[in-house]
Amino acid sequence: MFHHLAIVTPPLSGNPLVPSWTEVIWGGIAFLIVFVALWKLLLPRISTVLEERTEKIEGGLQRAEELQAEAQRVMQEYQARLDDARHEAARLREEAREQGAQIIAEMREQAQAEARRIAEAARAQIAADRQQAFASLRAEVGTLSVQLASKIVGESLDDEARQSRVVDRFLAELEASQSQASGARASS
Amino acid sequence: MNHVLAAHAASSCHIFSGCGYPSPTIQDFYFRPLFTIGDFRFDKPMLLVLLSTLIVLVFFWAAFRKPQLVPRGVQNIGELGILFVRDQVLRPQLGKKGDSWLPFLSALFFFIWINNIFGVIPILYFPATSRFAYPAILTAMVWVLYMGIGIRKQGPLGYLKNLSVPSGAPWWILPLLAPIDFLSNVFIRPFTLSVRLWANMLAGHVLLLVFAMATWYLLTWSYELVFSAASFAVLIAITGLELLIQLLQAFIFTVLTAFYISGAYEPAH
């Protein structure tokens, strides 16, 4: 039924395990063409690219590692420098504080010395002034009181010696009376 | 398959039309020549083999013509294919020092795979590897290679010992074991290598034919339509299965080749 429609003609069939030489040679040539093209032409190109890629990737990884190590090293260095700087700053601050305290102490001492000196000088000045005033007053008061007395008693007391004797006596009497009065106050 | 189907479709051979189921025969693997030059008869499987050669060449030419460090487009796929052969087939058997075998193993894998795939490609519908000549010539090349390498690397006697004497066998069993091992390694190996591929492809093609023909044969306006639809569903499922088997057979052929070559380089442990 079916075979009269088949395109295949019966003489073509045979033992399927017995190959025809035409096909064997045809298949062999076809395979060899594929093999030689891959072997000589195509695979060498791709294998160089694959090797290059592997190298690039490995090189890239290594470079990244190196960079990381470098970054780590630099960071540690900066950290160390920063620590140094902090210590230095602390040290300077401490020094400045000490110096400041010292300066203040010195200034205070100087000021006190100056004050003492000024006070001393003022005191000496006052003492000298007092002495001077006392001396000049002693002379002035003597003259004035003699003139006053001579005017009152009409007695010429121009004689120098006499004048001074009178004044001295007067003053002595005055002192005596004062001391008597103070002694009397003390005894009473 | 399509010549059979074309003939089949042209026929009105359906169930209930007084016509028996036209089961596929070995004749479906023989083709009338497309043209002849003297004794040279050029038929469809030969055309498919030529086509597969062109496909592999054009694909890898497009992929690796100007390879870029950062792969783009078809180069990615090409690299995927080559690295699959290298990492799944070559390296496990031969190690890194066997990388010089990459062109041979890649050519084997892709040549066989593309020729297998033709079995499910519409219009073509014929795996060229289901013609025994093609697995046979590939196996012959592999056999010559591994025997040649074995004799060169281990010396004729050394390789003979490697082929015949399994390591660790007690001496008194050797008279029995050595002939079997020699026979197995020298004659049965190439036979199984080629027949495994050929028979798988032949059986797959027959399976597809059975269900494709059944789909057509049962296609009538009756309850048989259900069986026609079921046959079609099975046809689709088997097509998926065939895709897997085609890849698997190409893979197994290449892995075994790498294994035989590695055995030729150094004695088995």
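Q: At what angle do helix H5 and helix H6 of chain B pack?
A: Helix H5 (residues 133-154) and helix H6 (residues 156-164) of chain B pack at an angle of about 120 degrees, with their axes 6 Å apart. That makes H5(B) oblique to H6(B); angles under 35 degrees count as roughly parallel, over 145 as roughly antiparallel, 65 to 115 as roughly perpendicular and the rest as oblique. Axes are lines fitted to C-alpha atoms, for helices over the stretch in contact, and angles run from 0 to 180 degrees between N-to-C directions. Helices are DSSP runs of H or I with at least four residues, strands are runs of E with at least two, and both are numbered from the N terminus.

Q: Before we go on, where does the model come from and how is it labelled?
A: This is a predicted model: local features need pLDDT of at least 70, side-chain atom pairs count only at pLDDT 80 or more, and totals for chains, interfaces and linings use all residues. Residues are numbered from 1 along each chain as its sequence is written, while chains are lettered from A and ligands numbered from 1 in the order in which they are written.

Q: Thanks! Which residues of H5(B) and H6(B) meet?
A: Gly150(B), Ile151(B) and Gln154(B) in H5(B) meet Pro156(B), Gly158(B), Tyr159(B) and Asn162(B) in H6(B). Contact here needs C-beta atoms, placed from the backbone, within 7 Å.

Q: Now zoom out. How many helices and strands does chain B have?
A: Chain B has eight helices and two strands. From the N terminus on, the order is α-β-β-α-α-α-α-α-α-α. The C-alpha trace of chain B spans about 70 × 55 × 45 Å along its principal axes.

Q: What percentage of chain B is buried?
A: Of its 269 residues, 37% count as buried. Buried takes 20 or more other C-beta atoms within 10 Å of a residue's own, exposed 12 or fewer, and partly exposed is in between.

Q: Which residues touch the most other members of the largest nonpolar core?
A: Those are Leu105(B), Ala107(B), Leu108(B), Phe109(B), Phe111(B) and Ile112(B), in a core of 56 residues. A nonpolar core is a set of buried Ala, Val, Leu, Ile, Met, Phe, Trp, Tyr and Cys residues joined through C-beta atoms within 7 Å. The largest share of this core, 11 residues, comes from H4(B).

Q: What does Leu108(B) touch?
A: Leaving out residues up to four places away in sequence, Leu108(B) touches Leu138(B), Phe253(B), Thr254(B) and Thr257(B).

Q: How do H2(B) and H4(B) pack?
A: Their angle is about 125 degrees, with the axes 9 Å apart. That makes H2(B) oblique to H4(B).

Q: And chain A? How many of its residues are in contact with chain B?
A: 35 residues of chain A are in contact with 43 residues of chain B.

Q: Switching topic: where is Ile123(B), and is it buried or exposed?
A: Ile123(B) is in the loop between H4 and H5 of chain B. Ile123(B) is exposed, with 8 other C-beta atoms within 10 Å. Phi of Ile123(B) is near 75 degrees, a positive value in a residue other than glycine.

Q: What about the phi of Tyr125(B)?
A: Tyr125(B) has a positive phi of about 45 degrees although it is not a glycine. Tyr125(B) also sits in the loop between H4 and H5 of chain B, and counts as partly exposed with 19 C-beta neighbours inside 10 Å.

Terms used
Two residues are in contact if their C-beta atoms, placed from the backbone, lie within 7 Å.
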